[in-house]
Amino acid sequence: MAEMASIQWFPGHMAKTRRMIQSNLSLVDGVVEILDARIPFSGRNPEMDRLVKDKPRMLILNKSDMADDSATQIWINYYRSKGYTVIKADCKSGAGVKGFLPAVRNQLLAELIKKRESKGMTGAPLRLMIVGIPNVGKSSFINRMAKSKKAKVEDRPGVTRTKQWVKLGDNVEMLDMPGVLWPKFEDQEAARKLAFTGAVKDDILDVEALASLLLEYLYKRYPEALKDRYKIENGSEGFELLCQAGRNRGMLISGGEVNTERAAITVLDEFRSGKLGRITLELPEEEQK
């Protein structure tokens with residue numbers, strides 16, 4: 001079994017974001033939490049329930065094009081059973097985002113809209129706070145909805161650093177908040193899954209250990225993906241799998257030794273970009289044990 005040092009990361013701007021969320025809650029009617037569909041449990045900030053309190057909540061399972069579709073449906077059913085409004089989407093391509101505003105009006109804020117209409121308040125805009133962990137696709141979602149490039153988009157965590165209001169058509173306004181992690185990763189298994197997907201910056205991690213752990217997981221759950229991409233036929237220990245992947249890709253240095261750092265970077269990049277296929281790293285029944 002590959003081993004890795006404890007993952008902890010909580011930059012100062014994250015603490016600022018937590019305070020910003022609390023101070024701006026009174027300005028919005030509901031909170032939309034964007035999740036990575038590959039890690040719908042590990043990618044949820046455990047502090048968000050405390051921060052958001054009783055505001056109506058919607059979950060968007062983003063990057064669903066890279067997640068196992070049957071697993072995504074299991075997660076949708078699970079969270080709906082918990083009382084959340086839930087949709088799936090791929091914010092980069094736009095798949096599923098058309099269902100957002102109908103879900104807001106017909107489910108998330110249906111009671112508020114009905115209450116306002118009974119009081120003749122039909123012109124008041126619906127205001128939503130958009131939250132989520134770094135690199136989950138908040139800015140891509142907002143730009144897709146606004147049909148603009150108003151929010152910064154880069155494939156790395158920590159790009160959005162300040163709040164910004166974005167007006168949509170249909171009398172809806174969204175408050176984009178910076179991505180926020182939490183003060184301490186009590187659950188290191190969840191921390192590793194965050195690292196697999198790129199929510200934690202690689203420059204604080206041992207990429208070879210991280211890639212080895214990812215390969216161990218994939219070999220157990222999605223062995224065909226490793227066979228198809230890296231010609232891995234057998235193995236169980238992560239570093240051994242990493243060496244196989246590097247050797248089969250021709251990533252060798254002098255003396256025929258495998259360049260494991262290069263192999264690790266390749267494995268992580270190809271997983272994060274969806275080149276290994278549609279993969280989900282967790283299911284509800286596993287997280288409740």
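My entries below go from the sheet to the core and then to the helices.

**Ground rules.** I am working with a predicted model, where local features need pLDDT of at least 70, side-chain atom pairs count only at pLDDT 80 or more, and totals for chains, interfaces and linings use all residues. Residues are numbered from 1 along each chain as its sequence is written, and side-chain values use heavy atoms, with hydrogens and water left out.

**The sheet.** I first noted that helices (H or I, at least four residues) and strands (E, at least two) are DSSP runs, numbered from the N terminus. I found an open, mixed sheet of six strands in the order 3-2-1-4-6-5; two strands pair if DSSP finds at least two bridges between them. Strand 3 (85–88) and strand 5 (164–167) stand at the edges with a single partner strand each, so one side of each has no neighbour in the sheet. I also looked up strand 4 (residues 126–131) and strand 6 (residues 172–176), which pair in the parallel sense over five bridges. Ile-130 has Asp-176 in strand 6 as its bridge partner.

**The core.** Which residues have the most contacts inside the largest nonpolar core? They are Ile-60, Phe-100 and Phe-141, in a core of 60 residues. Such a core is a set of buried Ala, Val, Leu, Ile, Met, Phe, Trp, Tyr and Cys residues joined through side-chain atoms within 4.5 Å. Buried means under 20% relative accessible area, exposed over 50%, and partly exposed in between (1.4 Å probe, protein chains only). Helix 8 gives the largest share of this core, eight residues. I checked Phe-100 too: leaving out residues up to four places away in sequence, its contacts (heavy atoms within 4.5 Å) include Val-32, Ile-60, Phe-141 and Met-174.

**Helix 6.** Eight of the nine residues in helix 6 (residues 138–146) are buried, among them Phe-141 and Met-145. Their cover includes strand 1, strand 2 and helix 4 (100–108).

**Two crossing helices.** The axes of helix 8 (residues 207–221) and helix 10 (residues 238–248) come within 8 Å and cross at roughly 95°. Axes are lines fitted to C-alpha atoms, for helices over the stretch in contact, and angles run from 0 to 180 degrees between N-to-C directions. Helix 8 and helix 10 are therefore roughly perpendicular (65 to 115 degrees; under 35 is roughly parallel, over 145 roughly antiparallel, the rest oblique). Among the residues that meet there are Leu-215 in helix 8 and Phe-239 in helix 10.
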